[in-house]
Amino acid sequence: MKNDAYRSTWEIYTLSWSETDASERLKLFEQSLSADCIYTDPLIQTNGYGQLSGYMAELHKNVNGVRFITTAFSSHHDRSLAQWNMLDANGNLLSQGASYGLYGIDGRLVQMTGFYAVPGAV
């Protein structure tokens with residue numbers, strides 16, 4: 001696939017983090033993620049739509065209006081690297097990080113790995 005196709009898939013996935021309605025989030029997942037996707041960050045590892053959606057729902061309970069903005073994106077072969085900002089409902093910058101994506105034969109993400117500083121960690 002070309003960089004534009006991976007970028008499009010990545011942005012649909014990124015939108016899922018902003019979606020508060022679980023059924024709408026699932027629609028975004030179906031477009032961008034393999035059903036058996038694995039998500040990993042410093043706090044958790046999830047398998048499949050249900051666990052990832054639950055993790056996102058918990059984030060929304062803790063951060064009103066949370067959303068992610070991709071600030072840089074590159075890809076080659078079946079992999080991508082995205083730099084991102086996490087913002088609250090008022091557009092305040094809460095965190096910055098990077099995520100690695102691995103894409104399946106159908107172009108949807110099969111693995112997503114986020115890297116960021118964990119608040120309070122030394």
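**Exercise 1. Work out which helices and strands each supply at least two residues of the lining of the largest pocket.**

Start with the ground rules: this is a predicted model, where local features need pLDDT of at least 70, side-chain atom pairs count only at pLDDT 80 or more, and totals for chains, interfaces and linings use all residues. Residues are numbered from 1 along each chain as its sequence is written, and side-chain values use heavy atoms, with hydrogens and water left out.

Step 1: go through the elements, which are DSSP runs numbered from the N terminus (helices H or I, at least four residues; strands E, at least two). Helix H1 (3–16) and H3 make the list, along with strands E1 (33–41), E3 (67–76), E4 (79–87), E5 (93–103) and E6 (109–116).

Step 2: Asp41, Leu59, Phe68, Met86 and Tyr116 are the closest to it among the 23 lining residues, where lining means having an atom within 4 Å of a pocket grid point.

Step 3: sort the lining by class. You get 14 nonpolar, seven polar and two charged residues.

**Exercise 2. Describe how helix H2 packs on helix H3.**

Step 1: take the geometry. H2 (residues 22–32) and H3 (residues 48–62) pack at about 130°, with axes 11 Å apart. That makes the pair oblique, the class left over once angles under 35 degrees (roughly parallel), over 145 (roughly antiparallel) and 65 to 115 (roughly perpendicular) are taken out.

Step 2: list the contact (heavy atoms within 4.5 Å). H2 brings Ala22, Arg25, Leu26, Phe29 and Glu30, while H3 brings Tyr49, Leu52, Ser53, Met56, Ala57 and His60.

Key: Axes are lines fitted to C-alpha atoms, for helices over the stretch in contact, and angles run from 0 to 180 degrees between N-to-C directions. On a 1 Å grid over the protein atoms alone, a cavity is a set of points where a 1.4 Å probe fits but cannot get out, and a pocket is an open set with protein on both sides within 12 Å along at least five of seven lines; lining residues have an atom within 4 Å of a point. Ala, Val, Leu, Ile, Met, Phe, Trp, Tyr, Cys and Pro count as nonpolar, Asp, Glu, Lys and Arg as charged, and the others, Gly among them, as polar.
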